[in-house]
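Hi,

Here is the structure I promised to pass on. Have a look at it first, and then read on for what I found.

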Amino acid sequence: MAERLYDLIFICMPTTPEEEVTKIVHTLEQTASEHGGKVEKVERWGTRKMAYRVAKQREGLYVYMALQSTQGDLIKELERRLKVSDAVIKYMTVRLDEEIKRQQKLVSHREHRARRRPRKPVATPATPAPPAPPAAPAAGPAPEQPPAS
């Protein structure tokens, strides 16, 4: 099975002690290694203001993890662990390799079309353009003319 890339972001309560966040990250890393996955990167983004209230909180402690795995069961297990954790108020996992694959396919499709149909050179006009005809009067009711006598 192909190696898959994932981004996992979770938000903890802003009052969560740093030791508890470290414990959650360590638990997720252990779970990933047990299920044959690999944690590429862990970044603690710190306390940030959220766009809307989540669990009656306006701020949250953000943590970002980049993962590699060949099994989808790993993500289910990580999300289950985040769901039962009291400190975590929100989480989201995004599979990246599908997006990368889609971008590569789009690029190859564009290149194929470019090879198949070469661009025409832009022709510069050798003769000047003909002068524009005089402008017509504005549309609307015509002014009344007195009768010719």
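The salt bridges come to six in this predicted model. The one between E18 and R44 has its side chains meeting at 3.1 Å, N to O. Since E18 sits in helix α1 and R44 in strand β2, this pair ties together parts that are 26 residues apart in sequence. Neither end is buried: E18 is partly exposed with a relative accessible area of 42%, and R44 is partly exposed at 39%.

Another bridge brings the side chains of E43 and K41 together at 3.6 Å, N to O. Here too we have partly exposed residues, with E43 at 29% relative accessibility and K41 at 40%.

Then there is E77 with R80, at 2.9 Å, N to O. Both belong to helix α2 and are three residues apart, about one turn of the helix. E77 is buried, with a relative accessible area of 16%, because the cut-off for buried is under 20%. R80, at 43%, counts as partly exposed. Salt bridges with shared partners join E77, R80 and R81 into one network.

On to the sheet. Four strands make an open, antiparallel sheet, in the order β2-β3-β1-β4. β2 (38–54) and β4 (88–95) are the edge strands, and each has a single partner, so one side of each is left without a neighbour in the sheet. On average, neighbouring strands are turned by 20 degrees against each other, ignoring direction. In the pairing of β1 (residues 4–12) with β3 (residues 57–69), which is antiparallel, there are nine bridges. I11 stands opposite Y62 in β3.

Helix α1 (residues 18–34) lies across β1, β2, β3 and β4, and runs at about 135 degrees to β2.

What about the inside? The largest nonpolar core has 19 residues, and those touching the most other members are L8, F10, C12, I24, L28, L78 and L82. β1, α1, β3 and α2 (73–84) are the elements that each give two or more residues to this core, with α1 giving the most, five residues. In soluble globular proteins, nonpolar side chains tend to be buried together.

Over to you!

Definitions and conventions. Residues numbered from 1 in each chain as written. Predicted model: local features only at pLDDT ≥ 70, side-chain atom pairs only at ≥ 80, totals over all residues. Heavy atoms only, no water. Pairing = 2+ DSSP bridges. Axes fitted to C-alpha atoms, helices over the stretch in contact; angles between N-to-C directions. Contact = heavy atoms within 4.5 Å. Core = buried A, V, L, I, M, F, W, Y, C linked by side-chain atoms within 4.5 Å. Buried < 20%, exposed > 50% of the residue type's maximum accessible area, 1.4 Å probe, protein only. Salt bridge = Lys/Arg side-chain N within 4 Å of Asp/Glu carboxyl O.
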